[in-house]
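Here's a friendly walk through the model on display. Take a look at it first, and then we'll go through some of its parts.

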Amino acid sequence: MSNVYRGRLLIVDDDRQTCAFWKLALSEAGFLVDLAHNLDEMKDYVSRYSIDAVLLDLNLGHENGLDGLPYLVSKSPLSKVFVLTAHASLETAIWALQNGATGYITKDTAPEEIAAQIDKHTQAPEILPSDLKSEEFARVGMIGNSKVFQELCSRLEQLKNVDSTILLLGESGTGKEVIARTLHKISNRSTERFEAINCAAIPENLLESELFGHKRGAFTDAKVDRKGILELCSKGTLLFDEIGDMPLSLQAKLLRVLQERVVTPVGSATPIKIQTRIIAATHRDLVEEVQNGRFREDLFYRLSVVPLYIPPLRHRKEDIPLLVESFINEFNLRFNRTINPPSESLMRRLLAYDWPGNIRELRNAIERAVVLTQDDSIRVEHLFQHLHLPKENNKRQAAAVEEQKQPLTPEPSSMDDKIFQLPLTEAKQAFEKIYLESLLNETGGNISETSKRAGRYRADIYRLLERYDLHVEQFR
Amino acid sequence: MYQTTVDNIIVSKYKDHPVYSDLLHDFVSGLPNRLHDMQAYIDEHDWDALGKQMHQLRGAAATYGFPLLSETAAQIEETVPLIRSDESTGDQLAAYADNLRDVCRRIEAGAVTLTTEI
């Protein structure tokens, strides 16, 4: 087995024997390989982990693998997607490449060739610290020229080689994972491994094993020894995303790791030394979480050695034109379109809106507009179609949108007719969002009650909230 | 050279990679089950299931280094849409199915030969 870590892969294929082969072959080549057998499993993995590349089978039994491509492109823009199939069809290959896939691999390709192809696209050239210019930040996904943005970049430069724990604070959609990746890529650990783990999306019983690893026989499914992410990232960087959602029982164990810099795999008595650089991120107010007894005070202090506040987009509106230009270029390329920059009046609308979902909301709005427009211009009705207005705290935006007399997304109750016009995947997502909103309305934003009624884990509910840019506060 | 045929036996192009030997053994051991399912779908005229099964086998065989098995499964997969509109293609399908059984037999024989060599 290769000693070089080459990245984290997700293989999406409905044939379990095919999956078993790829898992073994590509693990041997140095990749950490996860498997999904349908699109729902794929979405779960994508929401939980930072994945470098996805091998997506075209034909997933009852599902078309290509239906998952828009989801991957939108929710995991940093992952490279390779379409995997038994036979090469030029037409499908072109469609896949135009819609965001990086490459196309037939199943008779030798594993070492696949590994080389993945490497070619995932191993970004090393960024030398002395070369750090705004273009370099842009290349790793950070775009802007406002004073606030420049200050943020300066802070990153200052912190790049600091091994102290960094706590990224900021609203959902501000780009905390991009910041964490940037910190890794510009650091002296850039050639080592970067991993991100979403503490809100992994069931509590799996999280401990994921983090610390386990010994064979430690529990029913532990058939072999497995290293935890903390050990695997020992020389690299590990992002604990949504740390505010970590169960209290695990918070105590993480505190020990941070204090003693050792991990003890589940079922083992032997601690292992680690040098992992820890970055934590949350959109929650951790001070409030501490006051309410949901977050350990000692862990909070241990994590917030260097707190870094990521400003919301409304505090750096000067960056909106540059971000819009960058997103239009990106989606023109991806969807083979030639959409023009927005008109002056439309840009004024973009600048007038507060973007509560931050950069993620802006990016999704531009993607939707590029996809939906029939000609080469994007229009306000496409950009703001997603808004669920009016809410009390959104009156200003509601007024601004009403002023334009543009149609809005129908309220859930009137979605019934439209839902049947959508492709199945989008219809399922639309229903899922309406269903979640309805439950949250009924429970007043109570996550425990919502998860009970939905028959899902709390972590699943948090994952769905994140996926659909919903905030529990809206329902309280 | 992806495939070696000696006295009609077929072996995987990965036969010289010990790391894959367990998986190859599992794949070859699973072929009778796949053939049994194939015959059941043909008997029941469940063409959707047959098409999906052959697509899976086509991909899995290519992955495991059996291109001839992959091509033979592809022939059946591609015949399935025709049989819906033209029942007379049934004979062709039956011939392809026989061919697939023969290829599977040769693969099983190849696996036995390798085991004996070891």
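## Salt bridges in chain B

A salt bridge here is a side-chain nitrogen of Lys or Arg within 4 Å of a carboxyl oxygen of Asp or Glu. B:Glu78 and B:Arg58 make one, with their closest N and O atoms 3.3 Å apart. This pair ties together distant parts of the chain: B:Glu78 sits in helix H4 (residues 67–85) of chain B and B:Arg58 in helix H3 (residues 47–63) of chain B, 20 residues apart. Helices (H or I, at least four residues) and strands (E, at least two) are DSSP runs, numbered from the N terminus.

Buried or exposed, then? Let's set the words first: buried means under 20% relative accessible area, exposed over 50%, and partly exposed in between (1.4 Å probe, protein chains only). B:Arg58 counts as buried at 10%, while B:Glu78 is partly exposed at 48%.

Helix H5 (residues 89–117) of chain B holds both B:Asp102 and B:Arg106, 4 residues apart, or about one turn of the helix. Their side chains meet in a salt bridge too (3.7 Å, N to O). B:Asp102 is partly exposed at 29% relative accessibility, and B:Arg106 is buried at 19%.

## Where this comes from

This is a predicted model, so to speak of a local feature takes a pLDDT of at least 70, side-chain atom pairs count only at pLDDT 80 or more, and totals for chains, interfaces and linings use all residues. Residues are numbered from 1 along each chain as its sequence is written, chains are lettered from A and ligands numbered from 1 in the order in which they are written, and side-chain values use heavy atoms, leaving out hydrogens and water.

## Chain B as a whole

Starting at the N terminus, the elements of chain B run β-β-α-α-α-α-α, which comes to 5 helices and 2 strands. Of its 118 residues, 47% count as buried. Chain B exposes about 6100 Å², with carbon and sulfur atoms supplying 52% of that; the areas come from the Shrake-Rupley method with a 1.4 Å probe, and for residues only the protein chains shown count as cover.

Contact means heavy atoms within 4.5 Å. Among contacts in chain B between residues at least 6 apart in sequence, 63% join residues at least 24 apart.

## Over in chain A

Over all chains, the structure holds 31 salt bridges. One of them joins the side chains of A:Glu151 and A:Lys147 (3.6 Å, N to O). Both lie in helix H7 (residues 147–159) of chain A, 4 residues apart. A:Lys147 is exposed at 63%, and A:Glu151 is partly exposed at 44%. There's also a network of salt bridges linking A:Arg8, A:Asp34, A:Arg193 and A:Glu195.

## The nonpolar cores

In soluble globular proteins, nonpolar side chains tend to be buried together. A nonpolar core is a set of buried Ala, Val, Leu, Ile, Met, Phe, Trp, Tyr and Cys residues joined through side-chain atoms within 4.5 Å. The largest one has 52 residues, and those with the most contacts inside it include A:Met42, A:Phe240 and A:Ile243. Helix H11 (residues 248–260) of chain A gives the most to this core, with 5 residues. Apart from it lies another core of 49 residues, among them A:Leu84, B:Tyr20, B:Leu35 and B:Ala60.

Which residues does A:Ile243 touch, leaving aside its neighbours within four places in sequence? Its contacts include A:Leu167, A:Cys199, A:Leu254 and A:Phe295. A:Cys199 is buried, at 2% relative accessibility.
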